[in-house]
Amino acid sequence: MAHMPTLHFLQFVSARWVYAEDRIIENGGVVIEHSSDGLPRILRVVDPRVSSVPATDLLVRAAMELAGHAGKTPQQFERLPDRCLGEVVLLPAMVNCHTHLEFSDCRQPLGFQRQGFSEWLRSVIERRAEVQRLPDAELLGKKSNVCWQGWREMVASGVGAVGEILSRPTIEYFRESVESNANPAEPPFFGTIFHEVLGLVPERARASWEWANVSSTRRPIRGVKFGLSPHAPYSTSTWLYRQCAEHGRRLSLPVATHIAESEEELQLLSERLGPLKDFLEQFGVWRPEEVECRNVRDVLELLVGVENLMLVHANYLTRDDWCWLRSKNPCATIVYCPQTHHYFGHPRHPWVEMARDGLQIALGTDSRASSRSLSLWDDLQLVHRLYPDQDPKKLWQMATVNGANALGLGHDLGSIRVGSMARFCVADLGRTESRFSWESLLSSSTTMSGLE
Ligand SMILES: [Zn+2]
């Protein structure tokens with residue numbers, strides 16, 4: 001049978017405002033190219049003050065000139081009818097840097113607001129145990145479905161990529177469903193999947209590492225980058241942190257870890273005492289000799305040289321530590337999870353001071369086990385309410401370009417420009433505005449959604 005050439009579709013999408021190439025374009029638009037065998041890309045940004053919408057033959061030529069289009073013929077291109085979105089703002093999709101999709105079916109956060117951290121961990125373990133009672137095949141199928149449910153919720157609220165922490169064996173199942181595109185009706189997954197490793201008991205740590213070491217270097221799949229996530233200083237041995245750091249440095253893999261999340265964690269490291277120690281002892285897994293680090297700086301030192309490093313939460317990081325981190329790793333990112341931070345009732349997050357000292361700040365929802373929604377938009381609006389004096393455009397960058405860079409996806413996402421991926425969100429400002437402002441974008445009357 002003759003090989004059918006792939007068809008490429010070109011479409012002009014316009015809106016009252018388009019935020020592209022770092023400027024707001026009034027009555028602007030973008031030309032998108034998509035096909036069945038590739039991720040949709042942006043072919044042109046159209047600013048009516050400079051140029052009109054190019055004719056089809058010009059667009060076809062531009063598409064053929066874009067990298068990777070050698071050998072394509074003009075007959076393989078088809079122009080779809082223009083699409084006008086109306087009185088809305090077309091923006092690059094947001095990037096949710098930190099989540100655990102396996103908890104996406106929690107109707108509300110676990111435990112209760114402002115409870116102790118180890119108390120909350122107990123609720124997480126109880127919840128996991130409940131799910132774990134299902135037979136194996138059913139369990140993995142259910143977990144994978146729950147992950148997709150969470151992904152759909154994110155996409156609907158304007159997210160285009162995620163930093164997802166997955167543990168074994170859910171990761172194998174989810175990965176397979178992403179790869180096989182089992183349900184074409186689902187929005188295609190895009191993001192970085194971090195292999196979660198943990199264990200203080202040496203045998204458990206070793207088993208965790210052996211799996212992640214092999215799995216994280218498997219053949220990449222379309223739309224997915226792999227990374228490593230040593231869970232947290234209270235659950236992950238120093239040996240395991242060293243393995244992840246070494247592997248991350250050698251293979252340039254992104255590495256994410258929860259750090260300085262609670263005062264209980266700091267107490268465990270420095271005094272080897274407190275509610276977290278009691279919690280670990282209760283489960284028979286407290287091995288103080290496997291935790292060489294006596295403070296957060298010791299953990300950060302283990303991770304020196306990891307280029308794409310994400311420090312999740314960092315609620316209690318000191319200025320000394322973040323300045324030291326900045327001097328050792330200018331590319332490291334702090335991932336602030338506003339709804340989750342708020343749920344635990346931690347003192348004000350120091351991200352403003354961190355950013356002033358030159359650290360990159362990105363945003364994450366964390367999971368539904370500690371956040372009321374998986375909408376990064378909700379988190380962004382919460383930050384705007386809590387920090388009303390902060391430049392709303394800077395907040396927007398935290399939710400987009402900073403997140404894309406943190407996940408190692410800056411080439412594809414974070415801004416609208418020629419060659420980047422066509423993943424957008426659409427903001428309806430909710431009232432008649434004669435001009436766009438970042439303040440009005442972040443106001444509570446704005447509705448944010450993904451672009452279908
Ligand atoms: Zn987390």
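The model is predicted: local features need pLDDT of at least 70, side-chain atom pairs count only at pLDDT 80 or more, and totals for chains, interfaces and linings use all residues. Residues are numbered from 1 along each chain as its sequence is written.

I begin with the sheet. Helices (H or I, at least four residues) and strands (E, at least two) are DSSP runs, numbered from the N terminus. Two strands pair if DSSP finds at least two bridges between them. Here, 5 strands form an open sheet, ordered S3-S2-S8-S17-S18, with mixed pairing. Its edge strands, S3 (23–26) and S18 (447–450), each pair on one side only.

Strand S2 (residues 17–20) runs antiparallel to S3, joined by 4 bridges, and Ala20 stands opposite Arg23 in S3. Strand S17 (residues 424–428) has 4 of its 5 residues buried, so the rest of the structure largely encloses it; buried means that 20 or more other C-beta atoms, placed from the backbone, lie within 10 Å of the residue's own. S17 is antiparallel to S8 (residues 89–92), through 4 bridges, with Val89 opposite Ala427. Another 4 bridges join S17 to S18, also antiparallel, and there Val426 has Ser449 as its bridge partner.

I turn to the helix. Which residues of helix H4 (residues 170–180) are buried? They are Thr170, Ile171, Tyr173, Phe174 and Val178. Seen down the axis of H4, these fall within an arc of 165 degrees, so they line one face of the helix; the arc is that of the directions from the helix axis to the C-beta atoms. Just after H4, Asn181 takes a positive phi of about 50 degrees.

Definitions and conventions: Buried ≥ 20, exposed ≤ 12 C-beta atoms within 10 Å, placed from the backbone.
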